[in-house]
Amino acid sequence: MLTLILLLLAVAGLLVVMRREAGALPALGVTGVLGLVGLATGAMVIGVLLLVATAAIAVCGLPLLRRRWLSPRLFAMFKRVAPKVSATERTALEAGSVAWDGELFTGRPNWQTLLGFGDDGLSDDERAFLDHQCSVAAGMCNAWDIARERADLPQELWDYLKRERFFGMIIPREYGGLGFSAKAQSLVLQKLSISETLMVTVGVPNSLGPGELLLKYGTEEQKNHYLPRLADGREIPCFGLTGPRAGSDATSLPDVGTVVRRDIDGEEVLGLELTFEKRWITLAPIASVVGLAFRLFDPDHLLGEEEDRGITLALVPRDTDGLEIGRRHHPIGSPFLNGPIKGERVFVPLSTIIGGEEMIGQGWRMLVECLSVGRCITLPSGATGTARYALGWTGGFARIRRQFNLPVAEMEGVQEPLARMAALGYIAQAAVYQTANTIDQGEKPAVPSAILKSQLTEFQRVILADAMDIHGGKAVTLGPRNYLGIGYSANPVAITVEGANIMTRNLMIFGQGAIRCHPYVLEELAAKDADDLNAFDSAFFGHAGLIFGNAARALTQGLGIGQPGVPFDDVAAPYARDIARLSAGFALTADAAMASLGSKLKQREMLSARLGDVLSNLYLASMLLKQWHEGDKVEHEDTLLHYAARFLLGRAEQAFIELFDNLPNRALGRMLRVVVMPRGRRWARPHDDLTRTIAQAVSRDSALRHRLLTNTWDADDGPQDNPLARYNALLATQERAEALYRTVGKAYAKGEIPAEALHPEQQVDAALEKGLISEEDATFMRQREAEVLDMLTVDDFEYDAFVTDKSKVLRHHPA
């Protein structure tokens with residue numbers, strides 16, 4: 001009995017020491033004292049074992065002892081197995097900054113770090129622009145007109161975008177731009193997402209491209225010349241990075257620049273001779289200035305001794321001799337302007353290099369740093385805006401569309417995808433806004449940019465598929481009335497560009513995060529490169545303490561012991577505590593995977609992807625809780641928070657299970673499952689009651705629906721029809737209509753209305769004649785049914801309307 005008591009005391013004491021990462025001395029105290037107690041009380045076996053453990057802890061934990069023999073051996077082993085980090089990988093790892101993503105990697109996230117990013121909201125100018133200019137621009141768009149009839153935005157819309165400086169949102173006011181915050185840029189793009197072509201057209205010049213590159217790296221002469229012209233649309237930019245053989249692996253681009261001397265008008269000029277072939281370049285067909293990425297060589301040593309000068313960026317005017325530009329690609333579903341750029345031995349002076357000669361060879365770093373911000377905003381904002389509109393349209397449609405004598409929004413088969421759409425849109429809004437807020441406070445979130453780009457565009461894919469399913473025939477029949485189908489068919493573009501989601505999920509999120517965000521891995525690699533034993537010893541054993549700490553935290557919190565304090569209300573607190581629990585499990589599992597697989601983890605992409613999935617879901621859930629913590633609450637928003645948080649945490653747990661089941665070291669997988677999930681899964685799929693409540697709210701004129709549709713174009717004030725405004729108007733009178741539907745429906749079922757009155761309008765007239773409803777109610781219902789029928793109607797066309805070559809039309813019935 002005494003042996004068992006001493007063993008339990010030792011385990012408990014060590015768990016406390018490990019959880020606090022208190023170091024070797026407290027651990028020595030626990031095992032040493034209990035070992036001596038065991039010897040003194042006759043419990044010899046446990047006493048000896050505890051003293052042996054004390055000796056082992058001393059040898060490994062006390063720097064003066066371990067550095068004599070243990071650390072040198074570990075250092076030699078580490079240098080053999082540590083993955084090699086290429087120059088391009090190191091550039092990517094060093095780009096951007098680490099904030100909340102780093103906290104999740106520690107396994108003991110400090111919520112005050114996240115809450116410390118205060119939010120000042122939008123400025124008056126930003127709010128006015130969002131309310132007015134964005135509404136005007138959105139009101140000029142019709143998906144069918146843009147996609148099928150003109151394959152471009154209308155001229156009046158182009159003129160408006162330039163006049164109102166939509167292309168200069170990121171350009172400071174001193175250069176003629178709008179100087180908007182990242183939050184404002186994001187909300188603008190969300191509102192413009194009523195048209196994916198409009199969103200892309202405005203988003204790209206304000207993301208990765210000449211404008212951002214010039215702002216951060218351009219010479220004063222380049223800034224003064226180009227930025228005012230980019231801001232007011234006199235210059236339309238594009239940026240040529242990808243090509244036939246360089247897509248996701250952009251560092252492999254084969255485009256070449258050579259330093260040469262050319263005789264120009266009798267004067268010898270030092271410049272670059274460029275040969276390149278670029279594909280998939282947005283705005284290239286109409287661009288007036290082209291940013292180019294290429295590998296620069298100086299074979300004649302005109303700039304110095306080094307021949308391979310690395311990836312370099314330059315600005316090439318459209319009218320440069322030899323530049324081939326103007327042709328178009330045909331992006332699936334959407335006609336946004338995109339095309340190839342070619343050139344062979346195109347000469348430009350050295351002054352075209354972005355940032356001048358001192359930025360030669362810095363192109364990859366420049367691109368990665370710009371991507372870390374741009375990828376947080378453009379496509380995630382587009383996905384979030386699409387979610388807003390799709391939910392608004394679908395909730396309205398599901399309420400006015402009646403089948404089996406009731407709105408389809410009352411059918412549980414429809415409620416399930418409708419609630420899922422609302423939850424994914426709610427998560428997306430929180431994630432993109434809160435991440436943009438960190439950018440406004442100086443962060444350059446590299447890993448979160450990969451999370452947001454891949455996760456939110458995947459959400460967009462699910463949301464659009466759900467919207468199509470609920471709309472049915474209304475959405476699969478294209479034409480001017482179809483507000484959904486063209487955007488649905490264009491969704492693969494968002495999945496593919498700015499880092500394909502397959503690559504981002506499998507390689508980037510965890511691959512970059514494991515080194516960039518981990519508290520010790522980058523230090524260990526730096527110590528290896530510097531051959532610094534003391535630095536390695538400090539980092540390695542700090543890392544070891546973190547592993548033991550996370551094991552203790554994951555196990556005890558998984559058992560419900562020692563839950564951490566969190567600064568949230570009773571609604572959000574359980575989720576915050578579980579994020580902390582899963583964060584400890586994630587950090588432990590990440591270290592176990594890196595230790596057991598070493599450099600092979602790079603090739604085990606499915607394992608890396610699952611680790612990335614855990615991190616992604618914990619990050620999104622954290623953003624959700626911050627948004628809840630800081631925002632004003634509306635009725636049923638707590639229901640939506642419960643659904644969304646359980647959805648994300650359930651996905652994180654599922655990723656853990658799949659990871660444990662597929663680790664090559666099966667014993668390690670089983671051990672991690674016991675430590676990380678000692679009581680099994682905690683989060684099941686959201687309960688049906690949550691689904692029903694959410695679906696009811698978003699398909700009615702509710703506070704929750706209004707909250708989710710904030711910052712959309714929802715007014716009937718533009719030259720184009722606004723289906724969202726029309727649905728909102730119908731929902732505003734839905735309660736009155738439903739009471740009348742019930743009255744008329746009951747009368748029809750009882751035979752009080754003639755059986756041949758099959759149309760709603762006929763039933764309304766019959767009910768009026770029978771005195772069941774008033775003339776005022778009948779007029780209301782006739783007008784409503786006319787509007788409902790118009791919203792449900794789809795387009796039809798001449799037989800040969802879609803045939804480009806009329807000579808190939810088959811006349812099956814010539815007569």
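**Entry 1: helix H14**

I started in helix H14, where I found Pro210, Gly211, Glu212, Leu213, Leu214 and Tyr217 buried. Buried means under 20% relative accessible area, exposed means over 50%, and partly exposed is in between (1.4 Å probe, protein chains only). Helices (H or I, at least four residues) and strands (E, at least two) are DSSP runs, numbered from the N terminus. What do the buried residues of H14 pack against? I noted helix H15 (220-231), strand E1 (237-240), strand E4 (289-297), strand E5 (308-317) and helix H16 (363-400). Contact here means heavy atoms within 4.5 Å.

**Entry 2: what kind of model this is**

I reminded myself that this is a predicted model, in which local features need pLDDT of at least 70, side-chain atom pairs count only at pLDDT 80 or more, and totals for chains, interfaces and linings use all residues. Residues are numbered from 1 along each chain as its sequence is written, and side-chain values use heavy atoms, with hydrogens and water left out.

I then looked up the confidence; pLDDT is the predictor's confidence in each residue, from 0 to 100. The chain averages 91, and 98% of the residues score at least 70. Where is confidence lowest, and where is it highest? The lowest mean, 64, belongs to helix H5 (residues 87-94), and the highest, 98, to helix H29 (residues 703-708).

**Entry 3: the whole chain**

I found 33 helices and 9 strands in the chain. Its radius of gyration is 31 Å, close to the 28 Å that the globule rule gives for 815 residues, so the chain is as compact as a globular protein of that length. That radius is taken over C-alpha atoms, and the globule rule is 2.2 Å times the number of residues to the power 0.38. Along the principal axes, the C-alpha trace spans about 100 × 90 × 55 Å. Of the 815 residues, 55% count as buried. Among contacts with a separation of 6 or more, 75% come from residues 24 or more positions apart.

The domain assignment gives domain 1 (1-61), domain 2 (238-353) and domain 3 (735-814); such bounds come from an automatic or database assignment. The centres of domain 1 and domain 3, taken over C-alpha atoms, are separated by 81 Å.

**Entry 4: rings**

How many aromatic pairs are there? My rule was that rings of Phe, Tyr and Trp (its six-membered ring) pair if their centres lie within 6.5 Å; planes under 30 degrees apart count as stacked, over 60 as edge-to-face and the rest as tilted. By this rule the count is 20. In one of them, the ring centres of Trp111 and Phe568 are 5.1 Å apart and the planes stand at 90°, so this pair is edge-to-face. The two residues are 457 residues apart: Trp111 is in helix H7 (residues 111-115), and Phe568 is in the loop between helix H23 (533-558) and helix H24 (573-597). Both Trp111 and Phe568 are buried.

I also saw a cluster in which ring pairs link Phe75, Phe78, Phe536, Phe540 and Phe541. Arg66 lies over the face of Phe541, 4.1 Å from the ring centre. A charge sits over a ring if NZ of Lys or CZ of Arg is within 6 Å of the ring centre and within 35 degrees of the ring normal. The charged end of Arg736 does this over Phe780, 4.1 Å from the ring's centre.

**Entry 5: single residues**

I looked up Ser71 in helix H4 (residues 63-81). Is Ser71 buried or exposed? Ser71 is buried, with a relative accessible area of 0%. Leaving aside neighbours within four places in sequence, Ser71 is in contact with Arg66, Leu533, Phe536, Asp537 and Phe541. Ser71 and Phe541 are 470 residues apart in sequence, yet 9.2 Å apart in space, C-alpha to C-alpha.

Next I visited His543, in helix H23. His543 counts as buried at 10% relative accessibility. Not counting residues up to four places away in sequence, His543 touches His518, Tyr520, Val521, Glu524 and Asp591.

Last, I checked phi. Most residues other than glycine have a negative phi. Asn405 has a positive phi of about 65° although it is not a glycine. Asn405 lies in the loop between strand E8 (402-403) and strand E9 (406-407), and counts as exposed at 57% relative accessibility.
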